[in-house]
Amino acid sequence: MTRFEDLSRQEQEEKLAELRKDYQEFQAKGLHLDMSRGKPGADQLDLTMPILDVLNSQSVMRAEKGEDLRNYGVLEGIHECRKLFGNLFGMNHETEVFIGGNSSLNLMYDCIARAMSFGFYNSPRPWCKEEKIKWLCPVPGYDRHFAITELFGFEMINIPMNQDGPDMDMVKELCENDPTVKGIWCVPMYSNPTGITYSDEVVRKFAALNPAAPDFKIMWDNAY
């Protein structure tokens, strides 16, 4: 396909007129489409309606360990929830599972923001004091992930996506030889927007990375 910038002036004007005509035809249809991504349909939402009847004023509101679930205080998340997800992920729920109270996107934003302001326990120098910070971005990828690192002024490095996940040779080369590379965005299951799921081999390569930056983070945003 010829790039638009390589067309002659006349060809560009003809193409623009053609696109405007197509646009006007779409406008004339009077469509009102919800193009939001990831929103369940009404039939899916109806499946959850019985959940609203599970709890009432007679329900027991104490956890297995005795915490009053109507109150604050369980900072690592409700124990029963951590056990559930520990079983799903094959992880030790006592030491490896944290239950947050919001979307993964908000949790990741807060993580980056905290790193910018305070750093991490194993590398307490705030990222905002670094001369340069870089982030690896598998592309095609999730634009809302990219918006976070863009907002904080990271140099964002494109990593090509293969059919089994990111180009791990490139990831390894960059993260193991450049301490300014602080992390990578990942949607390992049904990657947005391609739908690719990382292979076992790719996941093992992630686990075997030896980053040059002690505070390198893999943002692993699983989509279930």
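## A right-handed unit and the model behind it

Strand 4, helix 8 and strand 5 form a right-handed β-α-β unit; a crossover is called right-handed if, with the strands pointing away from the viewer, the path from the first strand over the helix to the second runs clockwise. Helices (H or I, at least four residues) and strands (E, at least two) are DSSP runs, numbered from the N terminus.

The model is predicted, so local features need pLDDT of at least 70 and side-chain atom pairs count only at pLDDT 80 or more, while totals for chains, interfaces and linings use all residues. Residues are numbered from 1 along each chain as its sequence is written, and side-chain values use heavy atoms, with hydrogens and water left out.

The 5 strands make an open sheet in the order 3-2-1-4-5, with mixed pairing; two strands pair if DSSP finds at least two bridges between them. Strand 3 (165–166) and strand 5 (217–220) are at the edges with a single partner strand each, so one side of each has no neighbour in the sheet. Strands of a sheet pair through backbone hydrogen bonds, either parallel or antiparallel.

Strand 1 runs parallel to strand 2, joined by 6 bridges, and the crossover from strand 1 through helix 6 to strand 2 is a right-handed β-α-β one. Strand 1 is also parallel to strand 4, with 2 bridges. The antiparallel pairing is that of strand 2 with strand 3, over 2 bridges; a hairpin of 2 residues connects them, and Met161 stands opposite Pro166 of strand 3.

## Helices on the sheet

Helix 5 (residues 104–118) lies across strand 1, strand 4 and strand 5, and runs at about 165 degrees to strand 5. Helix 6 (residues 143–151) packs on the sheet as well, touching strand 1, strand 2 (155–162) and strand 4, and its direction makes about 160 degrees with that of strand 4. These angles run from 0 to 180 degrees between N-to-C directions, with axes fitted as lines to C-alpha atoms, for helices over the stretch in contact.

In strand 5, Lys217 and Met219 form the covered face, whereas Ile218 and Trp220 form the uncovered one. In a regular strand the side chains alternate between the two faces of the sheet.

## Nonpolar cores

A nonpolar core is a set of buried Ala, Val, Leu, Ile, Met, Phe, Trp, Tyr and Cys residues joined through side-chain atoms within 4.5 Å. The largest has 18 residues, of which Leu136, Val171, Ile184 and Phe206 touch the most other members. Strand 2, helix 7, strand 4 and helix 8 (200–207) each give two or more residues to this core, and helix 7 gives the most, with 4 residues. Another core, of 14 residues, lies apart from it and includes Met108, Ile112, Ile133 and Phe146.

Beyond residues up to four places away in sequence, Phe206 touches Pro166, Met168, Ile184, Cys186, Tyr198, Ile218 and Trp220; contact means heavy atoms within 4.5 Å.

Pro138 lies in strand 1 (residues 134–139) and is buried, with a relative accessible area of 5%. Buried means under 20% relative accessible area, exposed over 50%, and partly exposed in between (1.4 Å probe, protein chains only). Outside four places in sequence, the contacts of Pro138 are Phe146, Ile159, Met161, Pro166, Ile184, Trp185 and Tyr198.

Arg82, in helix 3 (residues 79–89), is buried at 4% relative accessibility. Its side chain reaches the backbone oxygen of Glu94 at 3.0 Å, and a polar atom of that side chain lies 3.1 Å from the backbone oxygen of Val97. Asp178 sits in the loop between helix 7 (168–177) and strand 4 (181–186) and is buried at 16% relative accessibility. The side chain of Asp178 makes polar contacts with the side chains of Lys134, at 2.7 Å, and Thr180, at 2.6 Å. A polar contact is a pair of N or O atoms within 3.5 Å; within protein, one must be able to donate a hydrogen and the other to accept it, and residues adjacent in sequence count only if both atoms are side-chain atoms.
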